[in-house]
Amino acid sequence: MFVELKDINKTYGDFQASKDVNFEIEKGSLVALLGPSGSGKTTILRMIAGLETPDSGDIIINGVRVNDVNPAKRGIGFVFQNYALFRYMTVFQNIAFGLEIKKESKKNIKKRVEELLELTGLTGLGDRYPNQLSGGQRQRVAFARALAPNPDLLLLDEPFAAIDAKVRQELRTWLRDMIQKVGITSIFVTHDQDEAVEVADSIIVTNKGRVEQIGSPYDVYKKPQTPFVTEFIGQSRFIEDYHKFLGFDKGDYRGAVIRPEFIEAFKLDNQKIKNYIDASEEGTVKAVHFRGNNLELILDVNGIELATYRSLERRRVEVGEKLRVIIFKVIAFDGDKTVILENKELLGKNINNNMLESYLYDESQKSFVI
Amino acid sequence: MKKKKARQRRVIPGFSLSMGVTITLLSLIILIPLASILVYSLKLKPAEFIKVITDEAVLWSFATSILCALIAAIINCIFGTMLAWVLVRYDFPGKQILDGLIEIPFTLPTAVAGITLSKMYSTTGEIGKPLSKLGIEVSYTHLGLIVALIFVGIPFVVRAIQPVLQKFDVQYEEAAQMLGASPIRTFMKVIFPELRPAMLTGFGLAFARGIGEYGSVIYISGNNAKEHTQVVSYIIMQKLNYLDYGSATAIALVMLIISFLLLLFVNIVQVKQSRRTNNV
Amino acid sequence: MVIREKKKLTPHGIILIVISVLFVLLMLVFPLVSVITNSLKKGFDFYIKSLSTEYVLSALRVTIIATVIAVVVNTFFGLMAGWLITKFNFKGKQILATLIDIPFSVSPVIAGLAYIMMFGRLGWASPIIDSINEMFGTDIQIVFAIPGVVLATIFVTFPFISREIIPVLNTQGKDEEEAAALMGAKGFTIFRRVTFPHIKWATIYGVILCTARALGEFGAVNALSKTRGETFTLPLEIDALYLAGSADSITAAFSVSSILVIIAVIVLILRNRFEHRELKQKEQV
């Protein structure tokens with residue numbers, strides 16, 4: 001393992017920023033530390049960098065315990081949230097700074113900086129000052145500056161927070177491709193689940209100073225292990241009386257989360273559903289929101305409000321219209337664990353409907369897969 | 001998202017060096033010498049101390065210094081707010097020069113200001129002459145003292161208020177006006193409460209400076225014990241000249257306490273102000 | 001920053017502007033002009049003559065010595081204290097910042113007294129100075145000598161430079177320094193290459209203000225300097241001339257004052273220039 005955190009604790013006064021944090025990161029992976037504000041993700045990143053010192057526990061990089069190693073000697077490149085570019089230096093000088101500190105020869109510095117300018121698509125901008133650059137360009141400079149001394153580990157603190165929403169999407173892809181190209185082990189902090197899911201190979205979800213779940217984006221999305229992760233990821237609605245829906249028993253659970261993609265709604269005259277009509281129940285459309293590439297329907301089913309998506313290519317529905325609703329599954333909360341409950345009315349039936357082709361009952365997994 | 005950062009190891013170098021230099025110089029130049037006053041005055045017996053402090057001339061000098069400084073600070077608050085307002089809110093030719101001129105009292109030596117004001121406002125001076133025809137004497141009276149203190153205090157108030165006014169969003173005013181408030185009501189209800197901390201800071205600074213002022217007031221005040229125009233700084237200097245160190249330190253100690261209280265007041269106001277503005 | 005339209009000049013506005021301009025002219029500008037007219041009352045020859053007396057030249061020398069030392073010490077202190085207060089978090093930071101500002105609110109006469117009580121005949125540090133003098137065969141005098149004048153000048157101008165630097169560094173934050181430190185830069189390199197460019201103008205501005213204040217210090221020096229022609233500074237010389245009372249000596253007092261007035265005006269002009277630079281710098285960043 002390239003980076004290991006063992007039993008890390010950190011408090012600021014009364015505030016516990018890290019509580020028994022343990023995780024390992026493989027060499028070459030791109031990891032997201034995901035969590036809401038104040039969940040302790042930035043503290044973890046800063047401790048790895050050496051900008052903060054843990055109260056207890058070990059931080060190991062490349063087999064060496066680095067708790068007492070000077071931050072500058074850890075072989076880390078750090079991209080700050082607001083980039084912390086040196087405002088009184090040109091782009092060239094910014095990128096060259098770390099190399100100058102390492103007393104590289106002028107020739108080598110020039111070569112390396114130009115190489116990085118080209119890599120990051122900043123060729124020709126070397127003489128500009130940071131205030132003459134766009135947000136995206138600044139991020140590229142910060143990235144190039146962090147990479148210049150050839151670090152083994154790249155840390156990025158909210159790398160997209162200071163960028164306009166429009167450019168952000170583009171930069172996500174750029175950064176992921178760039179990191180893959182360079183092949184450097186990287187950890188980035190984000191509070192944006194979409195960002196984590198799209199960019200990272202592996203996600204560490206933090207909450208209140210603890211690590212809630214570690215896994216691939218797919219796992220974190222499909223198999224959230226704790227109530228916190230379930231509610232934090234995706235668009236989730238917590239419903240206490242989920243057993244009021246057809247196909248679900250009460251059990252000992254304190255409630256369940258239903259995501260829009262767990263629900264299908266059909267017009268009453270839809271022929272394709274007739275085989276499963278028994279598994280469906282009636283819902284009323286309370287609102288229709290246009291969501292760009294699809295519609296979000298707010299439904300009232302047995303007095304409970306649910307949300308589902310509907311393709312724009314399907315027939316229009318009106319507010320007040322009655323629909324047949326099928327709920328495939330819910331994620332129930334069992335203490336601080338989660339259990340996925342399937343709609344028992346549907347168990348054993350294969351749904352070979354056109355509209356439902358993505359929901360197939362998988363015998364081997366005994367569950368519906370999307 | 002602001003994080004509290006209390007770290008054991010400091011990443012930025014130079015903590016010990018800058019802490020060492022700061023504390024050493026601060027102690028050598030400011031704290032130890034001031035403590036020497038305290039040490040010496042503690043040697044006085046309480047009865048002696050009280051005798052010095054309750055001497056009639058000394059009590060009068062405190063009254064004079066504090067009252068004149070207070071009146072000057074209040075006048076400065078009024079004119080200072082107006083000046084700051086004019087400098088921030090209006091554009092007019094020569095504004096930048098006017099802005100620079102505010103700082104004359106900071107750059108003009110107090111002794112120079114003192115002799116000049118004294119001469120100007122004397123019964124033969126440029127301003128004193130016409131005023132004396134109206135029966136108003138300025139030099140060598142309390143009025144002269146106040147004029148000198150207005151002179152030294154005005155930039156404190158203007159410079160305290162200006163930045164706050166600059167940051168103050170016109171939208172609040174506009175909102176108040178949209179809701180139908182008259183300009184005066186808008187000022188009193190919307191702007192004044194926002195400016196109050198800055199005004200208090202400026203007031204505190206001008207007041208503190210006024211109480212301790214020496215150079216600019218000793219010429220114009222006349223330093224007459226009978227007319228009660230002696231200020232505390234003058235009395236201390238007088239005691240020093242008579243080598244009466246006991247009295248000088250006793251009076252100085254009381255002055256120091258007053259200064260510290262004012263400084264504390266200004267700091268509390270500023271901390272509150274920054275808290276307020278940060279929370280918005 | 002929100003760009004906003006300045007208010008259109010209303011009648012109220014014009015009245016306020018007129019009052020403000022009159023106030024500034026009467027209270028602040030008129031005294032400056034008065035110094036110059038008074039100094040030239042007895043003709044230009046007399047003006048030059050009163051500036052070239054031995055007393056004045058000696059006072060000029062002492063003033064320059066005290067000012068230069070005060071500016072150097074306070075610049076060094078200002079940079080150190082600015083770095084300490086803006087780049088680190090520690091307990092008692094607020095108290096420290098308050099203590100640095102003490103000279104703003106303490107009467108300068110008390111500053112003079114403080115040094116007398118420390119180094120004077122009765123002062124607790126006087127035996128220390130005596131023993132140093134004995135050991136090294138020197139004859140160092142603090143009180144009523146030039147070192148006392150220098151110390152008093154440092155005291156009254158102590159916070160001038162730190163006060164200019166601290167707000168600028170506070171708005172700059174410490175990200176850049178952290179980034180540089182993470183790359184392994186040493187303290188002085190960080191300061192020179194990353195921090196100092198931010199505070200260049202603030203420092204120069206602080207130095208100018210400090211110089212102006214040091215040149216003109218009166219109360220504290222008055223308590224510590226008693227020998228005309230040896231330890232007197234320009235303001236003390238002005239005081240002596242003015243208090244001599246004759247028409248000639250009063251005019252001479254204004255002549256000497258006029259030098260300080262000219263310096264004050266130059267400082268004001270520079271100040272205005274630098275403030276503009278600083279604003280421009282801020283806009284750029």
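Where pLDDT is low, the predicted coordinates should not be read in detail. Chain B as a whole has an average pLDDT of 87, with 95% of its residues scoring at least 70. Among its elements, helix α3 (residues 56–89) of chain B has the highest confidence, at a mean of 94, whereas helix α9 (residues 170–178) of chain B has the lowest, at 76.

Chain B also meets chain C, and the contact between them involves 80 residues of chain B and 82 residues of chain C. On the side of chain C that touches chain B, the largest share comes from helix α1 (residues 11–39) of chain C, which supplies 16 residues. Sorted by class, that side of chain C consists of 56 nonpolar residues, 15 polar residues and 11 charged residues.

Turning to chain A, the reader will find eight helices and 21 strands, and the C-alpha atoms of this chain fill a box of roughly 75 × 45 × 40 Å when taken along the principal axes. Of the 370 residues in chain A, 42% are buried. If one takes the contacts in chain A between residues at least 6 apart in sequence, 63% of them join residues that are at least 24 apart.

Chain A is divided into domain 1, covering 3–232, and domain 2, covering 237–369, and the centres of these two domains, taken over C-alpha atoms, are separated by 39 Å. Where the domains of chain A touch, six residues of domain 1 are in contact with seven residues of domain 2, and the residues on the domain 1 side comprise two nonpolar, three polar and one charged.

Strand β1 (residues 3–12) of chain A pairs with strand β2 (residues 15–25) of chain A in the antiparallel sense, over seven bridges, and Y12(A) stands opposite F15(A) in β2(A). These two strands, β1(A) and β2(A), form a hairpin with two residues between them, and in its turn G13(A) has a positive phi of about 60°. Strand β1(A) is also joined to strand β4 (residues 56–61) of chain A, which runs antiparallel to β1(A) and is linked to it by five bridges; here K6(A) has D58(A) in β4(A) as its bridge partner.

Notes
Residues numbered from 1 in each chain as written. Chains lettered and ligands numbered in written order. Predicted model: local features only at pLDDT ≥ 70, side-chain atom pairs only at ≥ 80, totals over all residues. Pairing = 2+ DSSP bridges. Helix = DSSP H or I, 4+ residues; strand = E, 2+ residues; numbered from the N terminus. Contact = placed C-beta atoms within 7 Å. Nonpolar A, V, L, I, M, F, W, Y, C, P; charged D, E, K, R; others polar. Domains from an automatic or database assignment. pLDDT = per-residue confidence, 0-100. Buried ≥ 20, exposed ≤ 12 C-beta atoms within 10 Å, placed from the backbone.
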